[in-house]
Amino acid sequence: MPGPTGRPASGDGGAGHPWLLDRGERGNGATVLPAWSGGNLVRPLVDGVAYFRGVAAALEGAGEGDVVFFADWQGDPDELLTGDGPTIAQALSAAARRGALVKGLVWRSPWDVLKVLPERNRYLAQHVEGPGAEVVLDQRVRTLGSHHQKFLVVRHAARPADDVAFVGSLDFGHSRRDDARHRGDAQTMAFGRRYGERPSWHDVSAEVRGPAVRDVETVFRERWEDRAPLSLLPWQLVPDLARRLLRRPPGLPAQLPAPDPAGSCAVQLLRTYPHRHPRYPFAPHGERSTARGHAKALRRARRLVYVEEQFLWSEQVAETFAGPLRENPDLHLVVLLPREPKRGGPLAGPPLLLGQVRALRVLRAAGGGRVHVFDLENHVGEPVYVHSKVTVVDDVWACVRSDNLNRRSWTHDSELSAAVLDAERDLREPADPAGLGDGARRFARDLRLRLLREHLDRAEGDDADLLGPDDVVAALERSAAALDAWHDTGRRGPRPAGRVRVHRDPVLRWWQRAFAAPLYRHVLDQGER
């Protein structure tokens, strides 16, 4: 099957692709991961209910001879996958009891002993049970770093057509299982008071079927087979032995061939790994393909970059977006952010906000009024926590990410994101928004429209006025202005349709900036250039 521009379906290391990184541009010759794989079916899963429902169905179909691999940043074993269950730990354990090989990699915080962070990941590791089920706590990161990858792979020895992978920003944790109405997950986690007793959560993942499923599995295998100790902290040795937690992952069976082509999308997996000691065998000098992939795609941006983002912190990352804004006077940048940090307070809040203020300053200096920043609220006026991480460039290149737009995610933590380039063109006008001959691609445009319909309270198909870049901006600004005015006048009369509000930059006092700056630079958003 041809790739997105008539090239072979899988990246073979050849140079010259206008949108996707070739093998050399990845900057990591040690990995066996292909540059990209074509012929995939990719489906966006918007909000947690859709994601958890997909995961539940995939795990329910796993049994004898199948493999289930997952990686997570944070998980709660009792998080329900559907309204009446099972929990994530029950679903994984049931697959193992049916004969599936179940392996998991969950980040281990070094601060558990101090109770600074909850021990939920250890509980998840302990509650996934059954023959062939092993979940390890992985601390093989750089100092003060984390494993921030979130993905799940299910492979079938006898039914490769059913192989599936999920990639994105959703964890197996409380508060994630929200739907498009944004009334929140009944299983809540601690939030700032402004988010209410049952916080709303907006998120996006991608369901992948086709050859790229094997690529996601390869990412897991590379991490699992790293022979470095899972933890180098001596005070964790005795508790691990007492709790029967694995100290070194055992071997894995041979990898199955890639599934047959299932769709029209090329999928390129973009990653971050730090330059760590001891070195990662699959990335001895680290990997920055997350940053490099964005930089390459953004160089082709001409009319509209659409971003949903939890943590827009870094001036350096913002500069990757600012350059195209300076060079292309017709380019608009639309950004959706959380209204408030998830955990604020006098100590945590200012460092979280300082980086955002600085990043937005860089963007506005480059694009002026072409930079449009919004946040979201539900229909009772409570803010919706935007945890999604999505980038769409001119309705051609789309990326569903685990990484945030900051130095930490682009240099210091482990990350995994899926860049998608659909070979199928969307012929609705404007059929070639950027005017570069790339056209508009079905997946990227459909993802953007799906998200905007939710945020603007539109029915499916009610998006004809959201196709053109200028029209998108106008529709968002009209909706936000109407909702802002309704709030400003005391909420008199019917509530206007839509959930977008103009994002108000936080105001930090001089003393807040003074103590927040070093915390932001050296702890919150640490990393390399």
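How many salt bridges does the structure hold? The count is 44, where a salt bridge is a side-chain nitrogen of Lys or Arg within 4 Å of a carboxyl oxygen of Asp or Glu. Before you start selecting, note that this is a predicted model, in which local features need pLDDT of at least 70 and side-chain atom pairs count only at pLDDT 80 or more, while totals for chains, interfaces and linings use all residues. Residues are numbered from 1 along each chain as its sequence is written, and side-chain values use heavy atoms, with hydrogens and water left out.

**Stop 1: a buried pair**

Select E222 and R271, whose side chains meet in a salt bridge at 2.8 Å, N to O. E222 lies in helix α5 (residues 212-224) and R271 in strand β9 (residues 265-273), so the pair ties together parts that are 49 residues apart in sequence. Helices (H or I, at least four residues) and strands (E, at least two) are DSSP runs, numbered from the N terminus. Both E222 and R271 are buried; buried means under 20% relative accessible area, exposed over 50%, and partly exposed in between, with a 1.4 Å probe and protein chains only.

**Stop 2: a salt-bridge network**

Now pick R445 and D426, which form a salt bridge at 3.4 Å, N to O. R445 sits in helix α11 (residues 442-455) and D426 in the loop between β17 (415-422) and α11, 19 residues apart. Both R445 and D426 are buried.

To see the whole network, select D395, E424, D426, R428, R442, R445, D446 and R448, which are joined by salt bridges that share partners.

**Stop 3: strand β8 and its partners**

Is strand β8 (residues 204-209) mostly covered or mostly open? Mostly covered: five of its six residues are buried. Show strand β1 (residues 37-46), which pairs with β8 in the antiparallel sense over six bridges; two strands pair if DSSP finds at least two bridges between them. Look for P44, which stands opposite A206 in β8. Then bring in strand β6 (residues 164-168), also antiparallel to β8, over four bridges. A165 stands opposite V208 in β8.

**Stop 4: two nonpolar cores**

A nonpolar core is a set of buried Ala, Val, Leu, Ile, Met, Phe, Trp, Tyr and Cys residues joined through side-chain atoms within 4.5 Å. Of the 62 residues in the largest one, F151 and L447 touch the most other members. Centre on L447: leaving aside neighbours within four places in sequence, L447 is in contact (heavy atoms within 4.5 Å) with P44, V204, V390, V392, A398 and V400. A second, separate core of 46 residues includes L81, A91, V106 and Y520.

**Stop 5: helix α12**

Finish with helix α12 (residues 469-488), whose 20 residues reach 28 Å from first C-alpha to last. That is close to the 28 Å expected at 1.5 Å a residue, the expected span being 1.5 Å times one less than the number of residues. Among the buried residues of α12 are V472, L476, L483 and W486. Their cover includes β11 (304-308), β12 (332-336), β13 (371-376), α11 and β18 (500-502). Just after α12, select G490, which takes a positive phi of about 85°.
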